[in-house]
Amino acid sequence: MGSLPVSRLTARQQTILSATIRHYVRTAEPVGSKALAEQYGLSVSAATVRNAMGVLERAGLLYQPHTSAGRVPSDGGYRLYVDQLMEPDRALQRQTEQQLSQHLPDRRQSLEALLRGAAQILASLSGYLSLITFPLALEFQVRYLQLVAIAPRQVLLTVVNDSYETQSAVLQLPESDPDLDADQLDQQLLLLSNFLNQELQGRSLQALASLDWFALGTELQSLALILQQGLRDLEQRWQPTPATSFLVCGLADLLRQPEFNELQQVQALLELLEGEQTQLLPLMLADPAADQVRVRIGAELPLAPIRGCSLVSAFYCRQQQPVGSVSLIGPTRMLYENAVAAVEATASYLSEAIAS
């Protein structure tokens with residue numbers, strides 16, 4: 001949805017629109033010309049401000065909820081502000097980056113812990129509802145592989161992928177194989193580990209089909225066959241979490257906003273978050289080619305429970321491919337400069353975290 005070209009507004013009208021939005025975001029009360037003239041250093045009379053607000057109302061950027069009330073921004077007013085007048089808060093962006101770096105769990109822990117921690121920090125800093133999807137199911141790459149003897153005829157196979165997720169399998173050596181003493185078995189497992197790390201690091205387990213196992217020599221072929229089957233089993237059962245769900249944080253803060261003071265509104269939002277996630281996901285994951293923060297405001301959102309809200313989203317990436325979404329939901333009376341900065345910083349951090 002486009003917005004009215006800002007060039008059609010005078011500099012004074014642009015300033016008054018921005019001041020009206022900032023005042024309404026802060027107070028949640030319709031804005032009068034006298035308050036703007038007194039509180040925002042406009043250096044003009046209340047009558048001049050009132051005339052400018054009338055022009056903005058006729059342009060569809062402001063409206064009066066009641067005849068005797070002040071004015072509030074329309075969805076179109078917010079849209080013009082976001083697209084053409086607002087600058088993201090770079091100080092908050094740096095604060096978000098700092099919080100994420102200092103307080104998130106070690107990147108080698110589970111992906112879910114990383115995403116949950118990011119969602120909590122994003123919600124806390126913004127004051128809005130944060131939603132972070134699990135990544136789309138891309139083919140993972142092997143980061144590290146290890147073989148360790150855990151019993152005379154049992155070997156533990158451990159594979160770590162590029163998101164530091166780990167899968168393990170216990171391989172059973174057949175009774176028909178000749179006995180190996182512990183030192184001999186450890187030596188063979190070391191040779192196999194070195195071979196596989198050299199051949200598979202940075203590649204998927206599907207590369208198993210092209211490996212030259214005979215380069216290992218005849219004495220390792222029996223063990224190599226068992227290992228191949230174990231790796232294929234891991235490949236079959238190890239599927240990265242698909243983006244069919246997301247983590248949610250900050251609901252309590254959102255519900256304290258005056259826009260959610262009616263029980264029916266709260267119930268509709270809770271049903272959307274808890275039982276109808278498949279309706280939200282397409283909105284969060286739309287336009288995967290986008291490389292910037294996207295803001296959808298009010299009527300631009302097709303779902304009734306969030307029609308009075310705005311959705312601020314950005315993708316985080318793996319291997320330069322968008323794989324998941326970082327989003328904030330808040331009322332249209334949202335501090336957009338903060339929301340855009342925080343979402344952008346969080347998405348960028350997650351892209352770096354899952355790539356390193």
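A nonpolar core is a set of buried Ala, Val, Leu, Ile, Met, Phe, Trp, Tyr and Cys residues joined through side-chain atoms within 4.5 Å; buried means under 20% relative accessible area (1.4 Å probe, protein chains only). The model is predicted: local features need pLDDT of at least 70, side-chain atom pairs count only at pLDDT 80 or more, and totals for chains, interfaces and linings use all residues. Numbering runs from 1 along each chain as its sequence is written, and side-chain values use heavy atoms, without hydrogens and water.

Of the 356 residues, 49% are buried.

The largest nonpolar core has 61 residues. Leu-36 and Val-312 have the most contacts inside this core. Helix 12 gives the most to the core, with 10 residues. A second, separate core of 29 residues includes Leu-157, Leu-185, Leu-192 and Leu-208. Beyond its neighbours within four places in sequence, Val-312 is in contact (heavy atoms within 4.5 Å) with residues including Val-293, Val-295, Leu-328 and Val-343.

A pocket is an open set of points on a 1 Å grid over the protein atoms alone, where a 1.4 Å probe fits, with protein on both sides within 12 Å along at least five of seven lines; lining residues have an atom within 4 Å of a point. The lining comprises 19 residues. Asp-291, Gln-292, Val-293, Ala-314 and Glu-344 lie nearest the pocket centre. Strand 9 (309-318) and helix 12 (336-355) each give two or more lining residues. Helix 12 supplies the largest share, 5 residues.

Key
Helices (H or I, at least four residues) and strands (E, at least two) are DSSP runs, numbered from the N terminus. Buried means under 20% relative accessible area, exposed over 50%, partly exposed in between (1.4 Å probe, protein chains only).
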